[in-house]
Amino acid sequence: MAEEMMQSIDGSVMKKRVVCLYRVSTIGQVEKDDIPMQKQYCREFSKRQPGWEIVNEFSEKGVSGFKVSAKDRDAVQEIQKMALKSEFDILLVFMFDRLGRRDDETPFVVEWFVKQGVEVWSAMEGQQRFDSHVDKLLNYIRYWQASGESIKTSLRVKTRLEQLTQEGYYTGGCVPFGYRRKNLGRVSKRNRPVGDLVVEPDEAEVVRLIFQKYVYEGYGSLRLCRYLMEQGIRNKEGKNIPINTIIRIIKNPIYIGIIRNGESKSETLPDLQIISPELFARAQEIVEKRARPHSGVPLTTRGQSLLVDNIFCGHCGGRLMLATSGQRYKRKDGTVRAKTYASYQCNRRLRRPGVCSGQACYSAAKVDGLVDQIVRIQFERVKQAPPQSLIEEQQTRAVDLARARLKLLNEQYQHKQRDYQALREETLKVVQGTSHLNVDMLNSLIDETSTQLKDLEWRINEAGKELQEMETSAEQVQNEYAQLMNWAELYDNCSFDAKKMIVAQFVKAVYVKKGFELAIEFNVSFDEFQTLFLDAEAEDIGKEPVVLAYTEEAGQAI
């Protein structure tokens, strides 16, 4: 250092040690694992400065100067450590925004380096000094502008991505299971090929299987994961399909042909549709209901019982719990077999006998057999309902009538408003003495018309609510009709898991008493269906619980 100082006194150029920092915000800006443009320009700039010598270079690749704080950037932290040890004299960047774009942080980082005796230079903008208060202000303004540009750029990119999504274009990111990226001829503004999504047939079959098992057989994500593993179904990498992927599949609208990016969604794209919208909607309903306890959808359909979470003691009203017990016995050939028995237990009766006067346990096989019988009877009645076209016609006619009633009330209201306005205009004539009405009569007519307007406003409001309820009810009835018909067709020949799922949604509650006397309540939506479409006997059944008795001799419901 003394030698360098002497050289400076003698008129020679004093050497200055330079550290360069290069940064790009996205991986796409990196070329061959380098940042050639910034590096080349900074090196050329350094050569033109007398006595400058580059002693180290740092590169940040794919690091946002706006989103990532300086304390989380390894390169900046390493340079600061070198500054504390006085290992260099100049920090050189291509442009000052390479140091960062945060107006609440970067200006103070620059000032920190200067306070450590380090000159901060930009190859494009020169040296950042702090000789005066104006320099500090300019330093802050520079990074305030850079921060604003980052925000503007982010908004432009976000808006354009949302627009592309709404137009039905894939905008990048992880390719959903069931699809693959393919070049269909679309190019970017830089004339580079852009990939689009197309259905992968083999994976699409797995997606259909997942939704079928989830909706119709009540499989949860963990059970689906194990099922796919047992079936030898793997992803593109040959690995098991994890639970998180299954959860994303169930919730992703891409499988009905809708691309989603944040809050933006595309129209339905038939080429990307793998499952029906009805099946997807049913899956979302199950997801929502499973998040709430006792919502009518079982968390699992595993086990030996037909009823899950919807069976109660007819004496104390407590929820019955499923219990299993085993018995080992020896056959004539000497082999030992084990047999398992399932029963519904009343915990109140077991723990506090005085609280409940019913039985402690009920055979699950007997109860399930009775419930199965009545469910089959009800589904046979469902099959005899009028065709869906007739139901839709009835609903449409009712909605049209309500809409016509609302239109008529609006017309009456407008007519009455004109009358009211005419009476107000007549006031001036009364004052001028040119009207055939006197003041008392005019005031009486105005008050009467005002009252009629308020009455019409109330009636219009009520008619609007009624129309909205009827439109919602019509859509709900049609959906419930299709669902009940589907259950009625599937029930006899579906798996036990599927039956359990159907019964959980079809039966609201089963109350069991001594002697296996049952009272069955169906869901409210089914009651409405009965009231609208089934015969008088079914209507009565819908209004009151179905009461059954089990006799040991007959072995069936009576």
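The expected span of a helix is taken as 1.5 Å times one less than its number of residues. Helices (H or I, at least four residues) and strands (E, at least two) are DSSP runs numbered from the N terminus. The model is predicted: local features need pLDDT of at least 70 and side-chain atom pairs pLDDT 80 or more, while totals for chains, interfaces and linings use all residues. Residues are numbered from 1 along each chain as its sequence is written, and side-chain values use heavy atoms, with hydrogens and water left out.

**View 1. Helix H11, residues 364-383.** H11 has 20 residues and reaches 28 Å from its first C-alpha to its last, close to the 28 Å expected at 1.5 Å a residue. Its buried residues (under 20% relative accessible area, 1.4 Å probe, protein chains only) include Ala364, Val367, Leu370, Val371, Ile374, Val375, Phe379 and Val382. Asp368, Asp372, Gln378 and Arg381 are also among the buried residues of H11. An α-helix has 3.6 residues a turn, so residues three or four places apart point the same way.

**View 2. The largest cavity.** A cavity is a set of points on a 1 Å grid over the protein atoms alone where a 1.4 Å probe fits but cannot get out; lining residues have an atom within 4 Å of a point. Grid points are joined across faces, edges and corners, and a volume is the space filled by probe spheres set on the points. The structure holds 3 cavities of 30 Å³ or more, and about 50 Å³ of space lies in the largest. Its lining consists of Val215, Tyr216, Arg282, Gln483, Trp487, Ala498, Met501, Ile502 and Gln505. Helices H6 (201-216), H13 (439-490) and H14 (496-506) each supply at least two lining residues; H14 gives the most, with 4 residues.

**View 3. The loop at Pro270.** Pro270 sits in the loop between strand S9 (264-265) and helix H9 (277-290). Pro270 is exposed (over 50% relative accessible area), at 64%. Its C-alpha is separated by 8.9 Å from that of Ile258, 12 residues apart along the chain.

**View 4. Positive phi at Ser86 and Asp309.** Ser86, a residue other than glycine, has a phi near 55 degrees and lies in the loop between helix H3 (74-84) and strand S3 (90-93). With a relative accessible area of 45%, Ser86 is partly exposed, a class that falls between buried and exposed. Asp309 is not a glycine either, and has a positive phi of about 70 degrees. Asp309 is placed in the loop between H9 and strand S10 (311-313) and counts as partly exposed at 35% relative accessibility.

Definitions and conventions. On a 1 Å grid over the protein atoms alone, a cavity is a set of points where a 1.4 Å probe fits but cannot get out, and a pocket is an open set with protein on both sides within 12 Å along at least five of seven lines; lining residues have an atom within 4 Å of a point.
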